[in-house]
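Reader: I would like to go through this model by question and answer. Please show the sequence and the structure first.
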There are 2 protein chains.
Amino acid sequence: MRIAQVVPLQVAVPPHAYGGTERVVHNLTEALVKLGHDVTLFASGDSQTSARLVSGVDRAINFDRNVDAAAHHIAMLKDVYRQAHAFDVIHSHLDYLTFPFLEMTTTPTVLTLHGRLDAPESVRVYSAYPGANYVSISKSQKRAVPDIHWVGTVLHGVDIEDFTFYPNSGDYLCFVGRIAPEKCPDRAIEIAIRSGIPIKIAAKVDPKDEDYFDAKVKRLLKHPLVEYLGQVDETAKRELMGKALALVLPIDWPEPFGMVFIEALACGTPVLTCPCGSVPELLRDGVTGYVRRSVKELAALVPELHAISRAGCRAYAKQRFDTRRMALDYINIYSQVQGRRAPFDVEERSAAASVVAPTLPPGITGDQIERVALT
Amino acid sequence: MRIAQVVPLQVAVPPHAYGGTERVVHNLTEALVKLGHDVTLFASGDSQTSARLVSGVDRAINFDRNVDAAAHHIAMLKDVYRQAHAFDVIHSHLDYLTFPFLEMTTTPTVLTLHGRLDAPESVRVYSAYPGANYVSISKSQKRAVPDIHWVGTVLHGVDIEDFTFYPNSGDYLCFVGRIAPEKCPDRAIEIAIRSGIPIKIAAKVDPKDEDYFDAKVKRLLKHPLVEYLGQVDETAKRELMGKALALVLPIDWPEPFGMVFIEALACGTPVLTCPCGSVPELLRDGVTGYVRRSVKELAALVPELHAISRAGCRAYAKQRFDTRRMALDYINIYSQVQGRRAPFDVEERSAAASVVAPTLPPGITGDQIERVALT
């Protein structure tokens, strides 16, 4: 199949550090090439890929506020759609900027939405294009806009073999990610203190979260059980997670997909978290660690972590979150949309929606999702 | 003529405070309605207009970093172009986000570019759509992308009658705008100090310019000749300018159009500035004040301000920058593009470009521009 992958230009593919979307697209692109597909990657020129690279800009533009990324993206999309006839499918990760281009070609476009969708402007712009071919990265993500034309849910894949397996854990908990209110580092620290186990925190503070850091987190870092490492690189992050007793990330926001959960499992490290957003779809209470609503419950389960098999965690990740599974899921969706342009009118939408069966992530049944969510 | 005006949603039309583009579009819309045209304004729902208002969002969304303005804009543009057949012309102030919609209709679109065009991503995105119908707000603005399909230059218009004329000046200079390196408040203060005349500064500091303010401007504000008023409202700004001996704004960046120059002239207040960007097109040395390259030269001319007629300044503004003149210029352009869709391919561009005569701003000849620029 002739496939175009179109990604944001802020970060190279694969990213050197932060860049969730670009990492996923890298994993997907490599897996599609391995499966024998003819893939063209539209990305920054400093990307490294087994696919054909079309440079959208010489070097990744980062998140410099003085550079207008959308202008670059519109120009790149023009280039993509000018040659749309050369592809069987265009897979865009550029979100709503892609919309006005959809009607320019009979080549179908698949859009994976990578972010949270519940902002009013998100609901509005997706609802303005209800008939595009949307893919969610978890079923939970779809809740804010359930009535647009979802063609499937594809959970992200990780190159599990690229992660070292740590069969034996160290004697500390870890928190990895961002110091942000929705990630709840304060709750993670409370779990560590309640259970009397040290916690290592590898996390960056974004400028917008500096006030939160100063007001709510800084003083907690002084506790003797807490070690704050700041931002660490990918290698250090993996080793830190691999040697931990558990990843403790008691989020309280509807995270559309928690990549770090899967990365911890790939290392063999169980996860302690709360049943928010995609968590019930990604994790399995008692198998991948524990999923509980309260800090108190999670702290009480720290001594029970020995009951979780680290080999089982890795096997679970490999079975459900391998890049090959992700690539096959997408190929299925690419085939499904062949020969049909997106129906752009609301009138056509209901007819189209009726022929699309809901897709469950492989290996997880609807029952399981409900069960875990209610634990 | 059935005209759609499409503006950004960050600020209501007319703006309560900051919002250059929205103020210009307000002036244009009111003047077009007065000329008997059928105008539809796509803007935030809290706008006030004599045209038919189509609300793009209930209330202006401001510049909140947590609101994704582009998502709102794409949704609004979809709505505009869905009903394109109802208009003879669509006049978009939404810049490159409009591009992918252009090909969806035979109704021609006119795009006024309001910003500086020399960033690499600007050059790139305009060059990707060389055949759109572009209008510049000064000839100087076009220099970064001379080879796209410019259909004209329309200098902004101000409702001169809405400004009080101050026939007699006070005994101070004023600086109005933003505390930003390109606006050169430090040079304005130096002019005041060199000439021994007090200066009042009414200016806001944007977050991105706080470091500049702290490092370069703060200490200068302590000088006994300097009075810093911070940000003031529109009424206070006009009174401050009207009673001033001169507006001193010795910019050193290619300002595409300096609205505040025209507002000062409308009050009868002359302008001291440098021949950057659009200045040679907007001002006339010896008539509207003085245009010189150096602080030293400008300071030396402060005692010569008495030679500038304040009534002449206002008459100059009225003759060249009235909203009716602006509206007639645009009607001319709307007529010119009737019956022709934009030529989207580079091949078509050169053919199209050859039929478009360069437009000079009224009352200013090419020679004058050169002469002032070299003063």
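Reader: Through which surface, the same or a different one, do the copies chain B and chain A meet?

Author: This is a predicted model, in which local features need pLDDT of at least 70, side-chain atom pairs count only at pLDDT 80 or more, totals for chains, interfaces and linings use all residues, and side-chain values use heavy atoms without hydrogens and water. Residues are numbered from 1 along each chain as its sequence is written, with chains lettered from A and ligands numbered from 1 in the order in which they are written. The contact (heavy atoms within 4.5 Å) takes 26 residues from chain B and 26 residues from chain A. Of the interface residues of chain B, 100% are also interface residues in chain A, so the copies meet through the same surface.

Reader: Where does Lys318(A) lie, and where does its partner Glu161(A) lie?

Author: Lys318(A) forms a salt bridge with Glu161(A), the closest N and O atoms being 3.2 Å apart. The pair links distant parts of the chain, 157 residues apart. Helices (H or I, at least four residues) and strands (E, at least two) are DSSP runs, numbered from the N terminus. Lys318(A) lies in helix 10 (residues 310-321), and Glu161(A) in the loop between strand 7 (150-153) and strand 8 (173-178) of chain A.

Reader: Is Thr269(A) buried or exposed?

Author: Thr269(A) sits in the loop between helix 7 (259-267) and strand 12 (271-273) of chain A. Its side chain reaches the backbone oxygen of Met241(A) at 2.8 Å. Buried means under 20% relative accessible area, exposed over 50%, and partly exposed in between (1.4 Å probe, protein chains only). With a relative accessible area of 0%, Thr269(A) is buried.

Key. Polar contact = N/O pair within 3.5 Å; in protein donor to acceptor, adjacent residues only side chain to side chain. Salt bridge = Lys/Arg side-chain N within 4 Å of Asp/Glu carboxyl O.
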